[in-house]
Amino acid sequence: MARVVVNMPKQARRGEIIEIRTLAGHTMETGFRRTQHGELVPRDIITLFTCSYNGAEVFRAELHPAIAANPLIAFHTIATESGTLEFRWSGDNGYSATHSAAITVD
Amino acid sequence: MSIRVLRLFLLLAFACSASAEIPLAERRSGYQDMGRETRAMQDDDAINPATLWVLDGEALWARRAGAAARACADCHQDARVSMKGVAARYPAFDAAARKVVNLEQRINLCRVERQQDKPLAYESHELLALTAYVARQSRGLPIQVESSERTRATLEAGRAMFLRREGQLNLACAQCHDERAAHRLGGTVIPQGHPTGYPIYRLEWQGVGSLHRRMRNCMVAIRAEPYALGSREYVELELYLMWRARGMLLETPGVRP
């Protein structure tokens, strides 16, 4: 199932600032809610998102319980060279998702 | 005639005249009353969270299921072609079932009869994903449900439900969504209630939900006993609402606050 969506340009000029937008499908259960019977619903969130560009980390975000479900993370980076961007989400209960996308820089 | 009777008469006359339908040209999609950020969220597939459901629906469309080991794509091929405009004419009369069915029920009919599988539960992730994917193919097309002899009884039942007061608050749909649309309830604008973007990603739900879930919301809000999701009553109301929104453009998958 498509649990992450990444949107970014496939091509860019060298030195150009590109926008990358990512969506991850996740309930982001805060851990503060209770069921109708008063039991606490355990926390289940994404805690870390990283993006690396040809192995070098260019963006990192720590996520916390106040963040809405299906978090959208948009950020910018400079297109330096052709290669791949690796996206990684990790969180509670062993949640982990990865995505990679190629970019051609000329 | 005493003053009290006269006042009652005037009130009744006002209530009757006010419950008139919204003129076709003055209809507004809930989209137009949303904030700038929420509109941007719907406009761009890359940030519309319902995209996650649409993509899941695309995967389900191609996946073989049931005893027949058939996928939707085996009969209908490319949904972008075969499903174009389908959602805009649902709920529609189904000749085999001899009743009006909505898109979710149509998908489940296929699932039971053609794929020979168990029907998907109403409001399940799979059914919402498939419905969103099918309805996505009709985005931008005008809503055009059938209004003929065979759908008339359902349509009229839906209209009657729309005008009928219900629940402890004794409110009819029409009182908010016809008469008081564009006024405010608390801080928010009351929408006219046109189902142009279903299934929608509702920020309050933090997920995608069906029109029936939204109707259930309203029923609970007026403290009425809600019907079951997928019930005959909701399909009747759905048909009336789609007829009421005839000609308006489908926005699926919509985002609503």
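**Strand pairing and chain contact in a predicted model**

A:W89 stands opposite A:A97 in strand 8 of chain A. The structure is a predicted model, in which local features need pLDDT of at least 70 and side-chain atom pairs count only at pLDDT 80 or more, while totals for chains, interfaces and linings use all residues. Residues are numbered from 1 along each chain as its sequence is written, and chains are lettered from A and ligands numbered from 1 in the order in which they are written.

Chain A contains 0 helices and 8 strands, where helices (H or I, at least four residues) and strands (E, at least two) are DSSP runs numbered from the N terminus. The order of elements from the N terminus is accordingly β-β-β-β-β-β-β-β.

The pair A:W89 and A:A97 belongs to the antiparallel pairing of strand 7 (residues 83-91) with strand 8 (residues 96-105) of chain A, which are joined by 8 bridges. Two strands are taken to pair if DSSP finds at least two bridges between them. In general, strands of a sheet pair through backbone hydrogen bonds, either parallel or antiparallel. In chain A, an open sheet of 5 strands has the order 2-8-7-4-5 and mixed pairing. Its edges are strand 2 (11-12) and strand 5 (56-62), each of which pairs on one side only.

An open sheet of 3 strands in chain A has the order 1-3-6, with antiparallel pairing. Strand 1 (4-7) and strand 6 (72-78) are its edge strands, each pairing on one side only. From one strand to the next, the twist averages 20°, with axes being lines fitted to C-alpha atoms (for helices over the stretch in contact) and angles running from 0 to 180 degrees between N-to-C directions. Strand 1 is paired with strand 3 (residues 17-24) over 4 antiparallel bridges; A:V4 has A:A24 of strand 3 as its bridge partner.

The contact between the chains involves 12 residues from chain A and 10 residues from chain B, two residues being in contact if their C-beta atoms, placed from the backbone, lie within 7 Å. Strand 1 and strand 3 of chain A each contribute at least two residues to the side that touches chain B. That side of chain A comprises 7 nonpolar, 3 polar and 2 charged residues (nonpolar: Ala, Val, Leu, Ile, Met, Phe, Trp, Tyr, Cys and Pro; charged: Asp, Glu, Lys and Arg; polar: the others, Gly among them).

The C-alpha trace of chain A spans about 60 × 20 × 20 Å along its principal axes.
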